[in-house]
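Visitor: I am new to this structure and would like to learn how to read it. Please show it to me, and then I will ask about its features.

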Amino acid sequence: MTDLSLYRNIGIFAHVDAGKTTTTERILKLTGKIHKIGEVHDGAATTDFMVQEQERGITIQSAATTCFWKDHRFNIIDTPGHVDFTIEVYRSLKVLDGGIGVFCGSGGVEPQSETNWRYANDSKVSRVIYINKLDRLGADFYRVVKQIEEVLAAVPVVMVLPIGREDQFVGVVDLLTRKAWVWDDSGDPLKYELKDVPADMVADVEEWRSRLIDQVADQDDEVMEKYLEGEEPTLEEIKRCLRKGAINMDFFPTFCGSSFKNKGVQLVLDGVIDYLPNPTEVSPQPETDLEGNPTGEHAIVDPSRPLRALVFKIMDDRFGALNFVRIYSGRLKKGDTLLNTFTGKSERVGRMVEMHADDRSEIESAQAGDIIALIGLKNVQTGHTLCDPDKPATLEPMVFPDPVISIAIAPKDKASNEKMGVALGKMIQEDPSFRVETDEESGETIIKGMGELHLDIKVDILKRTHGVEVNVGKPQVAYRETITKRVEDEYIHKKQSGGSGQYAKINYIIEPGEPGSGFIFVSTVTGGNVPREFWPAVEKGFKASIGKGVLAGFPCLDFKVNLTDGAFHAVDSSSIAFEIAARAAYRQTIPKAAPQLLEPIMKVDVFTPDAHVGDVIGDLNRRRGMIKSQDPGATGVRIKADVPLSDMFGYIGDLRTMTSGRGQFSMEFSHYLPCPKNVAEEVIKEVNERNKNK
């Protein structure tokens, strides 16, 4: 049986361009998994194997690989940094036990780093920090450490200090052993020497070392007592405290280096072994019933327990669908029959493979703690649980955000029509944040996603991977509607046409809810005027109607319906009659409740050189932006603002023009706010025009 204490399931995540993929390449080289390092800027990185990734030099989908370091097995997932693909980070973190948070030595804590850090906190994933690119102009290790404390409210425990700055960066000093790791200029990660600490760094090393011991000693009462009495803890004791605190996420061991120049990566790998948890040291996954309610049971990581596995990613390739699975408990063998608790159907495991980016090697069996891919499953989607058919259970499902942007697409010719349907079906399976709808009135296909780049990539995949040429419409914003006034009303549904009729009377109050509360239904009917068995039908009728608002047909949010009274007929009343009454009541009353259009507001983070700050702020103000903060950095200024999505289309082109190509930005959905009157009128007019032309 495999020793689970030698397993590390880790993810590498960070902001765009902080060097995640380059770091993964160095890890694969050091662990002997690859023999030639591929560079991102040449489009040759192992884990960036999609054509679109190689062309754009960004990671779009998470890639999994397995390698070994000092007898330990690493299952590594390299995740994207771009905000449009955070769903990939979220679902990878869901199945990992630990992670390496990579930060750029000059860029510091960037917008996407914050989002990923928040996701990792929510998923309770222990991390080590790696501050990369210390050879870059403007790189400052100490500044980034301070930012991690201030921006992320995290506690970094500095494990190494850099030797030299920017292009003079040659290596690091390990604070625990007081040894300097110095690499030569050959670029070979194995060509380094262990030396004594440089004379000009001795005082700094001692100061940071005692700070390290201060930060970690309180993890163990005995060590703390010893330390307070003036006795320095041993190396083993310090490491034990570090491991305990890192697993509990009390602090984060922090390393530094330059992946591109092959300096400092070995210490990060040692840190993963020493301070990140193995699968048995992580809180076990809670099990739920089919409705998603906790059962109180947990999937304990143990090969001898019943099988529990979570499908966290689906990838379509030339051999069919690959289902990436994290096994939480039990064992899995080729040919086993499993139960998919979501569909209630059985699935047979045709083939099992261990992934190395887009290469694979066949395996016969796997066990708790493994991350593998299964081939031959029929009706499986991301977030489904596969388990032992005799002892079923469901693992906590994944929750995916709603898309904020949509575009209409149409195949250029008849031949592409059928192909497009099949291709979109596969793409929905692969990416749960990508949605497809058909507009019933116009017959148009609407694709929805997390941002312009997200949909741009999807159209590109349709064209190149699936050979479907499409015409693309203008991006549409996902507006919402709500109400602003409390209304008391009643509705009677009566239908008599020979035989038994239909009768339902409902009295109700519709009132605005708190922002973010969604749709709430309560019943305060007393005396049996509306029998209890009809209440769910009333709720169902209202719920079925909220997808179409009365202003422009956008979904209606944040209101409460209170069923106060009503009447029924002993023969003619039925659930259907009450449901129809509720649907009609919605159409009757919502227009009286002062409906209002809401627009999505994006959290925008712009980086600009100092010289262009005025232009960028002026432009954001013209886009109805609310400037939140300006943070000067070593190489420019970061501006944070809340801006309506409708005013952000094509922003990257304008930003590059304003900043001579040096500006960067990222944005993610923040919240909905009421539209100004003139904007709302324009949107409603546009929707009505579109509907008229259909």
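Predicted model: local features only at pLDDT ≥ 70, side-chain atom pairs only at ≥ 80, totals over all residues.

Visitor: What is the order of the strands in the open sheet of 4 strands?

Guide: The order is 7-8-9-10, and the pairing is antiparallel. At the edges are strand 7 (160-163) and strand 10 (192-195), each of which pairs on one side only. From one strand to the next, the twist averages 25°.

Visitor: How many bridges join strand 7 to strand 8?

Guide: There are 4 bridges between strand 7 and strand 8 (residues 171-174), and the two run antiparallel. Opposite Ile163 stands Gly171 in strand 8.

Visitor: How should I read a helix?

Guide: An α-helix has 3.6 residues a turn, so residues three or four places apart point the same way. Helix 8 (residues 235-247) has 13 residues. From its first C-alpha to its last, helix 8 reaches 18 Å, close to the 18 Å expected at 1.5 Å a residue.

Visitor: Which residues in helix 8 are buried?

Guide: They are Glu237, Ile238, Cys241, Leu242, Arg243, Gly245, Ala246 and Ile247. Just after helix 8, Met249 takes a positive phi of about 60°.

Visitor: Why does Gln266 count as buried?

Guide: Buried means under 20% relative accessible area. Gln266 counts as buried because its relative accessibility is 4%. Gln266 lies in helix 9 (residues 265-275). Leaving out residues up to four places away in sequence, Gln266 touches Leu30, Trp69, Trp181, Trp183, Pro189, Leu190 and Tyr192.

Key. Residues numbered from 1 in each chain as written. Heavy atoms only, no water. Pairing = 2+ DSSP bridges. Axes fitted to C-alpha atoms, helices over the stretch in contact; angles between N-to-C directions. Buried < 20%, exposed > 50% of the residue type's maximum accessible area, 1.4 Å probe, protein only. Contact = heavy atoms within 4.5 Å. Expected span 1.5 Å × (residues − 1).
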